[in-house]
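Here's a walk through this fold, strand by strand and helix by helix. Have the viewer open and follow along.

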Amino acid sequence: MALRPILQIPDPRLRQVTDPVAEFDDALQTLIDDMFQTMYEAPGIGLAAPQIGEMKRVVVMDVSDKESEPDPITMINPELIWLSDELWTHEEGCLSIPEYYEEVERPAECKVRFLDRQGETVELAAEGLLATCIQHEIDHLDGKLFIDYLSRLKRDRVTKKFTKAAKRAAG
Ligand code: NI
């Protein structure tokens with residue numbers, strides 16, 4: 001396992017649509033292990049493969065609270081198959097936009113179909129934090145970020161801030 005650097009906006013890879021996984025080989029298992037290690041270390045509750053520059057439809061998450069046992073979930077080629085009409089607002093953050101949090105309104109419940117790390121099909125119904133996390137992570141696979149749900153003013157402001165920081169870091 002290895003810790004992988006997490007890309008930050010405005011890295012263009014965060015805006016690309018990723019490719020479905022076709023092979024459940026050792027490389028995929030290593031990628032998943034690296035993603036969990038990187039997510040837990042950050043720490044975060046979800047991570048999508050493009051956030052570490054792997055343009056594949058893989059996400060990992062764990063929304064268990066600190067006092068409970070870890071509850072790692074791996075989703076490969078996930079698809080939202082149902083979204084509730086009822087909405088829920090939650091303050092979201094993203095490891096690719098560190099230390100920036102804003103409320104986002106999304107469907108309160110969802111159903112998702114995906115392959116687990118063995119390649120078995122799984123369907124899962126989720127609500128609350130898990131439903132939000134699933135939708136946030138699946139967005140990443142299509143190059144979408146939570147700031148896209150904010151007003152243009154807020155989105156432009158945070159994008160500018162990170163673009164400036166990236167330029168400074170590049171010298
Ligand atoms: Ni994110």
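Predicted model: local features only at pLDDT ≥ 70, side-chain atom pairs only at ≥ 80, totals over all residues.

Start with Gly46, whose bridge partner in E2 is Met61. Helices (H or I, at least four residues) and strands (E, at least two) are DSSP runs here, numbered from the N terminus. Residues are numbered from 1 along each chain as its sequence is written, and side-chain values use heavy atoms, with hydrogens and water left out.

Now zoom out to the sheet. It's an open one of five strands in the order E1-E2-E3-E6-E7, with antiparallel pairing. Strand E1 (46-48) and strand E7 (121-127) are the edges, each pairing on one side only. From one strand to the next the twist averages 40 degrees. For such angles, axes are lines fitted to C-alpha atoms (for helices over the stretch in contact), and values run from 0 to 180 degrees between N-to-C directions.

Follow the sheet along E6. Five bridges join E3 to E6 in antiparallel fashion, with Leu83 opposite Cys110 of E6. E6 and E7 pair over seven bridges, also antiparallel, and Arg113 faces Glu123 in E7. These two strands form a hairpin with five residues between them, and Gly119 in the turn has a positive phi of about 90 degrees.

Thr74 belongs to strand E3, and it counts as buried because its relative accessibility is 10%. Leaving aside neighbours within four places in sequence, its contacts (heavy atoms within 4.5 Å) include Ile32, Phe36, Val59 and Phe114.

Of its 15 residues, Val59, Met61, Met75, Val112, Ala126, Leu130 and Ile134 touch the most other members. Strand E2 (58-61), strand E3 (73-83), strand E6 (109-115) and helix H2 (128-141) each supply at least two of the core residues, and H2 gives the largest share, six. Not counting residues up to four places away in sequence, Ala126 touches Ala108, Glu109, Cys110, Ala131 and Ile134.

Finally, look at helix H3 (residues 152-169). Its 18 residues reach 25 Å from first C-alpha to last, close to the 26 Å expected (1.5 Å times one less than the number of residues). Arg155, Val158 and Phe162 are buried in H3. Down the helix axis, the buried residues fall within an arc of 80 degrees, so they line one face of H3; that arc is taken from the directions from the axis to the C-beta atoms. Strand E5 (97-107) is part of what covers them. Turned away from the buried side are exposed residues including Arg152, Leu153, Arg157 and Lys160. Just after H3, Gly171 takes a positive phi of about 80 degrees.

Terms used: Core = buried A, V, L, I, M, F, W, Y, C linked by side-chain atoms within 4.5 Å. Buried < 20%, exposed > 50% of the residue type's maximum accessible area, 1.4 Å probe, protein only. Pairing = 2+ DSSP bridges.
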